[in-house]
Amino acid sequence: MEQLTSLILLSIALGLDAFSVSLGMGLQAVRLKHAFVAGIVIGVFHIFMPGLGILLGKWLSVSASEWATLAGGVMLFGLGAYAVFASFTEKHSFSYRMTGVGIWLFALSVSIDSFPVGFSIGLREAEVWIYVLSFGVFSMVLTWAGFIIGRRAGSLLGTYSELLGGSILCALGLNAIF
């Protein structure tokens, strides 16, 4: 029972990054199709990154955790800054940025912090596949929830939603960096 509680809490904690970022992205009127695909990609990344951490944990030092968090923060800040500056230019749909390379960078930025979690799981006698699958499922569901909630809030905020969404992403990035 203790392992199940630990698994659920850790899965939620890792998925909350994806939730908060997708909430900010959802404020910018991302198409539901792109939000659905983003949730799946983020879920896959939340399986892959801790799995990679487990495999490489023996070869990497503890400082890799700090670098992973810093890299994720820089990517979030960059994505947020781009959204803020784009809000001052001609109005266009933000949804196209959730395709191609943009979706992969988005998924990497919110899942890179799960990489060092793989270190600790790999050192314990735990059911690794159950953990990484749980991370993926929780992250996917929380991402979808963030997009849906953000989309509803965006319709209430109107023209300021892109600026607010970008500001949230910048704040999350700065929080991860510092």
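These legends walk through several close-up views of a predicted model.

View 1. Let's start with the overall picture. The protein has 7 helices and 0 strands, and from the N terminus on its elements run α-α-α-α-α-α-α. Of the 178 residues, 43% are buried. The protein exposes about 9500 Å², and carbon and sulfur atoms supply 74% of that area. Take the contacts with a separation of 6 or more: 93% of them involve residues 24 or more positions apart.

View 2. An unreviewed UniProt entry places the feature "transmembrane region" at several spans, including residues 6-27 and 128-149. How much of residues 6-27 is helix in the model? That span is 95% helix and 0% strand, with its end C-alpha atoms 32 Å apart. Residues 128-149 come out as 100% helix and 0% strand, and here the end C-alpha atoms are 32 Å apart. The other spans listed in that entry are 34-55, 67-89, 101-122 and 156-177.

**View 3. The largest nonpolar core.** Zoom in on the side chains and you find a core of 17 residues. Which of them touch the most other members? They are Met 25, Ile 42, Phe 106, Val 110 and Phe 147. Helices α1 (2-26), α2 (32-56) and α4 (101-111) each supply at least two residues of this core. The biggest giver is α2, with 6 residues. Apart from this core lies another one, made of 5 residues, among them Leu 7, Leu 14, Tyr 131 and Phe 135.

**View 4. Phe 36 and Trp 144, a stacked pair.** A search of the whole structure turns up 4 aromatic pairs, and this view shows one of them. The ring centres of Phe 36 and Trp 144 are 5.2 Å apart and the planes meet at 10 degrees, so the pair is stacked; the cut-off for stacking is under 30 degrees. Phe 36 sits in helix α2 and Trp 144 in helix α6 (residues 128-157), so the pair ties together parts that are 108 residues apart in sequence.

**View 5. Phe 45 and Trp 104, a tilted pair.** Here is another aromatic pair, this time with 45 degrees between the planes and 5.7 Å from centre to centre, which makes it tilted. Phe 45 belongs to helix α2 and Trp 104 to helix α4, so this pair links distant parts of the chain, 59 residues apart. Why does Phe 45 count as buried? Its relative accessibility is 13%, and buried means under 20%. Trp 104, by contrast, has 48% relative accessibility and counts as partly exposed.

**View 6. Ser 134 and its partners.** With a relative accessibility of 12%, Ser 134 counts as buried. What does its side chain make a polar contact with? The partner is the side chain of Ser 11, at 2.6 Å. If you leave aside neighbours within four places in sequence, Ser 134 is in contact with Leu 7 and Ser 11.

Definitions and conventions
Residues are numbered from 1 along each chain as its sequence is written. This is a predicted model: local features need pLDDT of at least 70, side-chain atom pairs count only at pLDDT 80 or more; totals for chains, interfaces and linings use all residues. Side-chain values use heavy atoms; hydrogens and water are left out. A nonpolar core is a set of buried Ala, Val, Leu, Ile, Met, Phe, Trp, Tyr and Cys residues joined through side-chain atoms within 4.5 Å. Buried means under 20% relative accessible area, exposed over 50%, partly exposed in between (1.4 Å probe, protein chains only). Helices (H or I, at least four residues) and strands (E, at least two) are DSSP runs, numbered from the N terminus. Rings of Phe, Tyr and Trp (its six-membered ring) pair if their centres lie within 6.5 Å; planes under 30 degrees apart count as stacked, over 60 as edge-to-face and the rest as tilted. Contact means heavy atoms within 4.5 Å. Accessible areas come from the Shrake-Rupley method with a 1.4 Å probe; for residues, only the protein chains shown count as cover. UniProt positions are given in the numbering used here, feature names are shortened, and annotations may be inferred rather than shown by experiment. A polar contact is a pair of N or O atoms within 3.5 Å; within protein, one must be able to donate a hydrogen and the other to accept it, and residues adjacent in sequence count only if both atoms are side-chain atoms.
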